[in-house]
Amino acid sequence: GSKQLELSTPIAFAEGSAKLSREALSVVQELAPFIEAHPEAGRIEIQSHTADPGPAGVTLSTERANALRDALVLHGVASARLTARGYGGGEPLAAADSEQARRKNERITFKLDGGAATPLPTVPKL
């Protein structure tokens, strides 16, 4: 089955933007060597979700996933291991009826498609 990589520090973007913040770049700088050190994770799908449904949300989430993939590649992760996909607001974690719920729905997840037989170590605190 597939697994997900859990980060202790979320990768966040400014509202309506696909530009990585300074804090997000710091996470990328620590995450890239971790990914490269664990080839057993196999291919990783970077999944970006927004709080907004519809075409605009899909476009923004796709741009964010691509920006994150590009940053990881720039920091040494083999591009063949990464795919990027924007889901828009199609898979919310909470009803977007408050600012807190919107923030929860705006997220990046990393789906591991390696089918690794051994569990991956926990990502260190970033």
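Modeller: Happy to; we will go through a helix, a strand and a pocket in this predicted model.

Biologist: How do you know that the span of helix 1 agrees with its number of residues?

Modeller: Helix 1 covers residues 22-36, and at 1.5 Å a residue its 15 residues should span 21 Å. The end C-alpha atoms are 22 Å apart, so the two values agree.

Biologist: Which residues of helix 1 are called buried, and what covers them?

Modeller: Buried means under 20% relative accessible area, so that label goes to Ala24, Val27, Val28, Leu31, Ala32, Phe34 and Ile35. Their cover includes strand 1, strand 2, helix 2 (55-74) and strand 4.

Biologist: What makes you say that both faces of strand 2 are covered?

Modeller: In a regular strand, side chains alternate between the two faces of the sheet. On one side of strand 2 are Ile44, Ile46 and Ser48, on the other Glu45, Gln47 and His49, and all are buried.

Biologist: Why are strand 2 and strand 3 called a pair?

Modeller: Pairing needs at least two bridges, and these strands have six, so they pair, in the parallel sense. One of the partners is Thr83 in strand 3, which bridges to Glu45.

Biologist: What lines the largest pocket?

Modeller: That pocket holds about 530 Å³ of space. Of its 23 lining residues, Ile11, Arg103, Glu106, Arg107 and Ile108 are the closest to the centre. Strand 1 (3-5), strand 2 (44-49), helix 3 (99-105) and strand 4 (107-112) each supply at least two lining residues. By class, the lining has nine nonpolar, five polar and nine charged residues.

Note on methods. Residues are numbered from 1 along each chain as its sequence is written. This is a predicted model: local features need pLDDT of at least 70, side-chain atom pairs count only at pLDDT 80 or more; totals for chains, interfaces and linings use all residues. Side-chain values use heavy atoms; hydrogens and water are left out. On a 1 Å grid over the protein atoms alone, a cavity is a set of points where a 1.4 Å probe fits but cannot get out, and a pocket is an open set with protein on both sides within 12 Å along at least five of seven lines; lining residues have an atom within 4 Å of a point. Grid points are joined across faces, edges and corners, and a volume is the space filled by probe spheres set on the points. Helices (H or I, at least four residues) and strands (E, at least two) are DSSP runs, numbered from the N terminus. Ala, Val, Leu, Ile, Met, Phe, Trp, Tyr, Cys and Pro count as nonpolar, Asp, Glu, Lys and Arg as charged, and the others, Gly among them, as polar. The expected span of a helix is 1.5 Å times one less than its number of residues. Buried means under 20% relative accessible area, exposed over 50%, partly exposed in between (1.4 Å probe, protein chains only). Contact means heavy atoms within 4.5 Å.
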